[in-house]
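Me: Before I use this structure, I want to know what the labels attached to it rest on. Please set each value against its definition.

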Amino acid sequence: MQLQGGTTKTMAELEVGDKVLVGNGTYSEVYFFSHRITDAEATFTAITVRTGATIELTIELTGGHYLYVNGQ
């Protein structure tokens, strides 16, 4: 994950209060972890947004993650 200021961290290294790049040069603060089990196995769903043949964004989430769309 790219942090505000240009440094990067893995998902496992993120901490509450870190500000991560969420798109269009916008950063959002990590405000909680709904679950954080470092040795767990999970099924992920990948969502890819494309414009023509160009991949603009791919995000992978488990069923318990929150995904904000249009500010909600």
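This is a predicted model: local features need pLDDT of at least 70, side-chain atom pairs count only at pLDDT 80 or more; totals for chains, interfaces and linings use all residues.

Reply: Residues are numbered from 1 along each chain as its sequence is written, and side-chain values use heavy atoms, with hydrogens and water left out.

Me: How do you know how confident the predictor is in the chain?

Reply: pLDDT is the predictor's confidence in each residue, from 0 to 100. The chain averages 84, and 97% of the residues score at least 70.

Me: Why are strand 3 and strand 4 said to pair?

Reply: Pairing asks for at least two bridges found by DSSP, and strands are DSSP runs (E, at least two residues) numbered from the N terminus. Strand 3 (residues 45-51) and strand 4 (residues 54-61) have 7 bridges in the antiparallel sense, so they count as paired. Thr51 has Thr54 in strand 4 as its bridge partner.

Me: What lies between strand 3 and strand 4 in the hairpin?

Reply: There are 2 residues between them, and Gly52 in the turn has a positive phi of about 65°.

Me: What makes the lining of the largest pocket count as 24 nonpolar residues, and what are the others?

Reply: Ala, Val, Leu, Ile, Met, Phe, Trp, Tyr, Cys and Pro count as nonpolar, Asp, Glu, Lys and Arg as charged, and the others, Gly among them, as polar. On that basis the lining also has 10 polar and 4 charged residues. Strand 4 gives the largest share of this lining, 5 residues.

Definitions and conventions
Helices (H or I, at least four residues) and strands (E, at least two) are DSSP runs, numbered from the N terminus.
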